[in-house]
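Subject: Structure handover and findings

Hello,

Here is the structure for you to look over. My notes come after it.

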Amino acid sequence: MDFGTLAFLIPTLPVIAFVLTLAFGNKLQSRAGYISIVAIALSFLISVLIFLQIYPHGTVEQSAHWFSVLNVGIFIDPLAIVMLLMVTFVSLLIHIYALGYMSHDPGKTRYFAETALFTAAMLGVILADNILQFFIAWELVGLCSYLLIGFWFRKPSAAAAAKKAFLTTRVGDVLFLAGIVILYFNMYTHVLPEVGGHGTVYLLQFKTIFEHLTLIPTDQLTIITLLFFGGAVGKSGQFPLHVWLPDAMEGPTTVSALIHAATMVTAGVYLVARTFPMFIAAPESLIIVALIGGFTALFASTMGLVMNDIKRVLAFSTISQLGYMMMGLGVGAIIGAEAVGFAMFHLINHAFFKACLFLCAGSVIHAVGTNDLREMGGLFGKMKITATTMLFSSLALAGIGIPVSIGAIKLGTSGFVSKDAIILEGAYSYLHFGGAYGSLIFFFGVAAALLTSIYTFRLWFMAFTGKPRQERHAHESPLSMTVPLMILAVLALVFGALTFSPFIHYLETTYENEFFEEIDPNGYIHGLAERGGYHIPEEPIVHLDLAHDTLIMMLPVIAGLLGFIISWAIYHKRLFSVASIGNMRNPLFRILAKRYYQHEIFIELISLKFTYGVLALTGEFIDRKIVDGIIDGISSFIIGGAEVLKKIQTGVVQNYATATVLGVALIALVLSWGVI
Amino acid sequence: MSIVDFISQFAPEVILTIAALAVMIIGLGLGTKEKRALGYLAAISLIVATLIIVFRGTYHLQLEGIMADSLTIDPMSQFFKLTFLLVSLIVVIASLKQYDNHSNQDEYYTLILLGTIGMMVVASAIDIVTMFIGFELASLSTYALAGFNKKDPSSMEAAIKYFIVGALSSTLLLFGLSYLYGLSGGLTNIGEIADYFSMNPGIIQSPMGIMAMVLIVAGFGFKMALVPFHMWAPDTYQGSPTVISALLAAGSKKMAFVAAFRVLLIAMIAIKVDIAMVFIILAILTMTLGNVVALSQKSLKRMLAYSSVAQAGYISMVFVVMSPEAMTGAVLYVMSHAFMKTGAFIAVAALGYMLLRENISAKDVDHLDNFAGLGKRSPFLAFSIMIFLFALAGIPPTAGFVSKFILFYSVLKGGFVFLVIIAILNSALSLYYYARVVKYMYVLPPSSSEKLALPGAYSLAILLALIGVLAIGIVPEPFVNWAASAANVLGL
Amino acid sequence: MVLFSHNAIENDFITFLYIEYNSTLIGHLGDDMEIIDTFIPVAIFLLFGLAIPLVIMFLVKQLSPRSKSPVKFTTYESGSVPTGSSKIMFNVEYYAYAILFVLFDVELLFLYPWVTVYVNDVVLNNVENFTTSFSVFAMALFMVVVLLGLLYEWKKGVLQWVK
């Protein structure tokens, strides 16, 4: 059986679950969640079957034109299938976990309906075979995130956070849409004549775009890819559009897990990976991707150091890790298609350990009833499973491991394996082969690794060790919540170590196929970067021998361990007093705790003063007085005209006959005018 | 060609004829209650005829020389026959409930069937005499149907106005056709007339020839309700029983289009440019007046009547361009519009029926105020009205969008940019009055919170139209291909 | 069995209606222009038609004697003295009756052109069994439909003078 034909069911099943849950949810009450769980489980099953079928060299391509203006299609290649597996799997676990977590919430029907739709939208993004369909699903993701972040919409802060998330990602969406328009324009002028006019191909299909990349001028591609990256910046919370992500904590913790691990934020990374050939043909954009990514990684981790809300720490860590992924993609200008492999590998690993971290945090919050780290402590004894799983995933996030491999197996947590790959084989190779701003990017990577380790363990130590700072009746969570935790924790520990090299090789094949024969007879993607003015080293990067440079090789490990030691010293052993530096009198601490005054800059200055005060009010003036005036004039003219013309209809049948005869005369006049 | 061949080719018409006569004769001996069965008989005959057209596959044939070259079977004729049959079917189904206590319902169904036969004959006719006979058969039946509510003065007024203006226009048409007959030296076959004039182009350019074309355009213009021959339409559509308005707007109006498609080919030979000029003026006048006046209508039936006028204006742009693409668009538009308009009128009829059942002395049941809060009182009805209106406005994914798109695009390709701009502006304008109804249904509060129970017959009729509108909108390709093969028949 | 072909129409219908005029018409039209020429006979007919009544009315006015008594202006009712108003209601059934009469009259008239086709179709072609002819079939069908119509109006009671 060809499982590819079932591919359309992957996003459809959750949509059906959405409809069913909405329709019958009130009758099912507490069982409402099962519909979504079954649907997503089936989606996961289908994804697995398709994966087994197409591995290692197959793709699934289906496409239906609707009237030559819209194309609905499915495109599954290595890149898409790993995303599919990850999203369905992680979303499934989160849904199971939510059964317990949301069991007391009166709105759980709505919750499960919306998360099913959210998952469906993300699956739609992954499966899209053309950029327009991608964009539509992308917008749906945005809408669902709005609904879910504002799930407790009676809480003003939740409503505000939802609005903030929606509007901020909206900025990115507009850029993305502009990119699509420019892309279409370019395809229309440069590619359409080549392929033989209308109706032969669908211009916005990924395949069509990639096959004809060389026809589009590089400067145009740079603009397009930068605009696409703008969309990714919004969705994936990169600097400077990251401001919505920490606030998105206002939703239920499971929603945060869903947003941060499986859906939504990874969409931006996926966009860049999906359109990677376009980026690599415009290497200047890639450098910007790398710079922004690296900067975000460092920038977010500094703020993670001082947050006291457990979920907020994790939110900043998400931003930071997404920065790593972007950085991993960005160095592709030098290292080529392997970059996609590194970034996606980190994305998948991150999904596991971040989902686990959030769900653990949820478990903790569920147990103690507060988000504030300062009020926790000493929970280890009471919540052994949660504490252990959280420790495992923290090790993964901090990137603890040994840079040694036994055969194909790397020793280290998932986070270590993939982050190590991005920093060393990505950023360091980039530096080594003379990529622009190479040392800066490498520095970002290493420094962020150190800070990540510090705040991760700070969180763990503050929550689980020491004396309880508040008397609470903390208790371990039910099994439906802890089982997903354990599964995710195990994956966070070993997934990366086991699958590193097959994964990278499998992902590489995404962009090494017949698309690029025109540039390179072997179908090798590097030719594109050379068109964009970049030189790729002769030998493939993966063979770069780092063994002679032990210091470089050990840097990420040292950073991870050092972070652990610092945290251990400060927050566990209390060798230093936190209060001596961690107070508002310290300008550095203040700037971090105030989150670089982003609120003041973005909200007060840009949003309120400039956007609202200047742009919106000017716009309103123009709209109210000038545009509305003209429109009102036209509409009152037309409606007035209607009243006048209505009078022609006298209701007297003689007049009707007269009109008929006049009509005859009119036609006769026109016709004979022409002839005579 | 033998009788058997003839009957097999024209089986739908034969079946309908037998059914019409049977309904009429059987009805003589039945009481009012028993006559209800006749409506089902009429519906079944229409279903059988439809199935024959769909499944006999005659739509890809091209047969000529039937009945002394007076009839043809080709994709064009079959496409239009299917449209007429479906419209009549929907109308009959909707009438099952409306007239189930009417003592003259047998005549009602007979007239609908006879009218349908007339339209179908016109669709097949390639001879001006046969065409005129079919035209009159359809017209006479609909004159009587328009006045079917004998007790209702506005229905009588509608019928009389329709009849008087219709008679005048029939005269004009017949006069024009007789000129063609005389000028061509006694030919009645449209193809032969066209051949004759193409060999002697001077004749059609002579004053006589021009006059013939003028009169024919005027005659068709009446049925198509082009401005200024449209004056009867608002009064008649508003006054007639609402289901009959559906038949008039979706059926007999479209009959004029198929007739015009065939006959005006004659004019294409020598005076194409001038005919184009005429239709530029008529199309602009028609769509603008229709849309502008529709803006200020409070009666939904009257609004739909004006919107119908406007839609005819869009379709008549095809006579300006006369390219195969434009013809495809127009042919598809005819079918789409048939579904949307039938659906819209029948939905209004259903609401009227329900309101009258609630309160027997209710006046102006199609007034806009009665639609307030309909989304709460009858969700299915409100939803389908919304779809029909959006289809009329040309919003995807409905039939209205697809056909409008093809038609406008082909006119644009034909080089008439200003015409398309006017048409698009008109479409935008039309959205105002369509959306207003939607606003009434979904935004304004209902006058009473009581639910309205929609009778099954109406639901079925509306559902059929809804399926038609959405099917063409969502899977347009088979319909477009069929319309294209219908358009190819004309050999433009 | 053969449907009547176009030739049959030309031979029968048109020659029947246009016996000789037809040939001159076609002959002239061959000359491309001068379409008006072919309508000269019509024009002459029209002129005569307009002129003759005028001439006769003129002659009558000149020749007849004039008397202006009131009796002269009463309605002529075959010699009897008119009574009452002329604006009275009379039974609408009269119209139904008259229309039906005209209808059946015209339908009867239709038999006449049919006979010419029948002659061509059956007699001249020496068809053995005339019932197999399409023209016979068509006319039989036509008569049946007319009969059904008669049956209908009979049952509806239209033929009854006063209900």
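Predicted model: local features only at pLDDT ≥ 70, side-chain atom pairs only at ≥ 80, totals over all residues.

Residues are numbered from 1 along each chain as its sequence is written, and chains are lettered from A and ligands numbered from 1 in the order in which they are written.

**Cores**

The largest nonpolar core holds 214 residues. A nonpolar core here is a set of buried Ala, Val, Leu, Ile, Met, Phe, Trp, Tyr and Cys residues joined through C-beta atoms within 7 Å. Buried means 20 or more other C-beta atoms within 10 Å of the residue's own; exposed means 12 or fewer; partly exposed is in between; C-beta atoms are placed from the backbone. Val125(A), Val340(A), Ala355(A) and Cys356(A) have the most contacts inside this core. Helix H16 (residues 338-368) of chain A gives the most to it, with 20 residues. Helices (H or I, at least four residues) and strands (E, at least two) are DSSP runs, numbered from the N terminus.

A second, separate core has 207 residues, including Ile112(B) and Met317(B).

**Helix H14 of chain A**

H14(A) is mostly covered, with 21 of its 21 residues buried. Its end C-alpha atoms are 30 Å apart, which agrees with the 30 Å that 21 residues should span at 1.5 Å a residue. The expected span is 1.5 Å times one less than the number of residues.

**Chain A against chain B**

25 residues of chain A are in contact with 36 residues of chain B. Contact means C-beta atoms, placed from the backbone, within 7 Å. On the chain A side, helix H25 (598-646) and helix H26 (653-675) are the elements that give two or more residues. H26(A) has the largest share, 15 residues. That side divides into 16 nonpolar, seven polar and two charged residues. Asp, Glu, Lys and Arg count as charged; Ala, Val, Leu, Ile, Met, Phe, Trp, Tyr, Cys and Pro as nonpolar; the others, Gly among them, as polar.

**Met67(B)**

Met67(B) lies in the loop between strand S1 (63-66) and strand S2 (71-73) of chain B. It counts as partly exposed because it has 18 C-beta neighbours inside 10 Å.

**Chain C**

Chain C has six helices and zero strands. Of its 163 residues, 5% count as buried.

Best regards

Notes:
Contact = placed C-beta atoms within 7 Å.
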